Amino acid sequence: MRRLILPLLLVLVAVGAGVAALVLDAEAAETPAAAAQAGPVTPVLSARRVPDLASQAGADSRLRGALDGLAGVLPADSCLVVEADGRPIVAHRPEEAVTPASTEKVLTAAAALAELGPDHRYRTRVEASAEPTGGVVAGDLYLVGGGDPVLSTDAYAARSPQQDAARTRLEDLADAVVAAGVTRVDGGVVGDDTRYSTARYVADWPSRYIDQNQTGPLSALSVDDGFESFPTADDPGAPLRASADPAGRAAAVFTALLRERGVEVVGGPSAGAAPAETVEVAKVRSKRLPQILAQLLTFSDNQTAELVLREVGAARIGEGTTAAGAAAVEQVLTEAGTAIGPEDAVDGSGLAETNRLTCATLVETIEAYPALVDGFATAGETGTLATFAGTPLEGRMHAKTGSLNHVRALAGVVDLLEGGDQLTFAYVINNPPFIAAEQDALRGQLGALLASYPDRPALADLLPVKVPGQGGRDTGVAATTTTAPGGSAPSTTSTPATTGPGAG
């Protein structure tokens, strides 16, 4: 008998379980509304059940495959690095030093931010040998340049949004002199640009860049980018012509502004160094450095880049020269650990074809100085990326472009719509002596690939499919709306859909 106890118990448990299941099924059958209210049920094989990490890996893999295909058609002297929230996606010749064109400006701006600091402001001062007496300056008035790269007049700033983006008004400095009580200058205005070297251009530049006015003459007292003639509203046909004496030209412009404000200036303008001992009569400060760097990066302003480079050299090495600035950039980035390859900065703008940097360094620099991204042009909206209007990258890509006859480059970030924060990328191709038309198009193809990330199925395609008996779409259950007894609010119930011949 004892041998039969265990089998009997098992039979009783099985029967009990069966009865319980029938009861539950009966309850479910009696409450179809409850079944409908149970909501969607994700099938076992739904993509929604795939862990997010696996989905991310799949997205990374798809982008990697597409970028590998692009890398396969790049010229030999090229590099491409893409990361997704710091995860490496593609590293094609990441430490190959290439000519970067204007993406060199990313390094210049990063070094300036690190060396000068975000609170840095340029100061342009007006000084005299002695305090004015009764509103009279006995002798010359010195206009001392502090290297402000965006010091300009209203007339010059009106030429384009680029000039007006972050400028320092020279008119404000003239107003400050009047506010200081000065009514007469017995001498003249002397422009002092001794803070920087008087080398007006970079020795490595082809002469055509000067002929094309890619920059004005470089000076620590650069008013209107050192141009003495430029188109204006009154004279739209005026030529853009560089001044041979930017400090003297600045003194002449400032003299005119003082006279317009009723200050009598007896002598003529000139250039020269201020005495060692002076008193400050007035000053004007620029906007904070990040705003100036944004103007530099958004519009790829060569002049601003070169003058910022000289300021970095003055601050780091004590010399306001292009060579000192380039050396300072390499030092700053090496100390910060962002210089990855055999970098060789030659200038600040990227106009010099002898500049060398790597895509790895560009990506490291962008990631190390995220504030730079705020200054990049935005696709379809600002600066050098305005042509991306109407593309999937509009408003999402923030980057620095680079172009020389044999160079095309793009470096920056792409905001992600889902699945992370952003992609960081650097892309540079060199193909001397000229970039071919099909190579020129590759930059757009790169943008399209980055915009497609994470390239997941549409969300609608991932909606769970309801199974029969649980309501919902594709379940053979059609929803109908009826009016509740008593004219109360409509309610929705589910009834079996009619299918097959005769239906409808």
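**Entry 1: helices α4 and α11**

I started with helix α4 (residues 104-116) and helix α11 (residues 302-316), whose axes come within 9 Å and cross at roughly 40°. I therefore put α4 down as oblique to α11. I also noted the handedness: α4 passes α11 in a left-handed crossing. A reminder to myself before going on: this is a predicted model.

Next I listed who touches whom. On the α4 side I found K105, T108, A111, A112, E115 and L116. From α11, the contact is made by N302, A305, V308, L309, E311, V312, A315 and R316.

**Entry 2: α4 again, now with α12**

How far apart are the axes of α4 and helix α12 (residues 322-335)? I read 9 Å, with the two helices packing at an angle of about 75°. Angles of 65 to 115 degrees count as roughly perpendicular, so α4 is roughly perpendicular to α12.

For this contact I wrote down L107, T108, A110, A111, A114 and E115 from α4. Helix α12 brings V329, V332 and L333. I was pleased to spot T108, A111 and E115 of α4 in the α11 list and again in the α12 list.

**Entry 3: the sheet**

I then followed an open sheet of 6 strands and got the order β2-β1-β18-β17-β16-β15, with antiparallel pairing. Which strands sit at the edges? They are β2 (87-92) and β15 (377-378), each pairing on one side only.

Inside the sheet I looked at β16 (residues 397-404) and β17 (residues 407-415), which pair in the antiparallel sense over 8 bridges.

Helix α15 (residues 442-452) does so, covering β1 (77-84), β16, β17 and β18 (422-430). I noted that α15 runs at about 165° to β18.

**Entry 4: aromatic pairs**

How many aromatic pairs does the structure hold? I have 2 in my notes, and I looked at one of them, Y156 with F230. The pair is edge-to-face, at 4.8 Å centre to centre and 75° between the planes.

Y156 lies in helix α5 (residues 154-157), while F230 is in the loop between β10 (227-229) and β11 (241-242), so the pair ties together parts that are 74 residues apart in sequence.

Are Y156 and F230 buried or exposed? I found Y156 buried, and F230 as well.

Definitions and conventions:
Residues are numbered from 1 along each chain as its sequence is written. This is a predicted model: local features need pLDDT of at least 70, side-chain atom pairs count only at pLDDT 80 or more; totals for chains, interfaces and linings use all residues. Side-chain values use heavy atoms; hydrogens and water are left out. Two strands pair if DSSP finds at least two bridges between them. Helices (H or I, at least four residues) and strands (E, at least two) are DSSP runs, numbered from the N terminus. Contact means heavy atoms within 4.5 Å. Axes are lines fitted to C-alpha atoms, for helices over the stretch in contact, and angles run from 0 to 180 degrees between N-to-C directions. Rings of Phe, Tyr and Trp (its six-membered ring) pair if their centres lie within 6.5 Å; planes under 30 degrees apart count as stacked, over 60 as edge-to-face and the rest as tilted. Buried means under 20% relative accessible area, exposed over 50%, partly exposed in between (1.4 Å probe, protein chains only). Angles under 35 degrees count as roughly parallel, over 145 as roughly antiparallel, 65 to 115 as roughly perpendicular and the rest as oblique. A crossing is left-handed if the near helix is turned anticlockwise from the far one by less than a right angle, and right-handed if clockwise.
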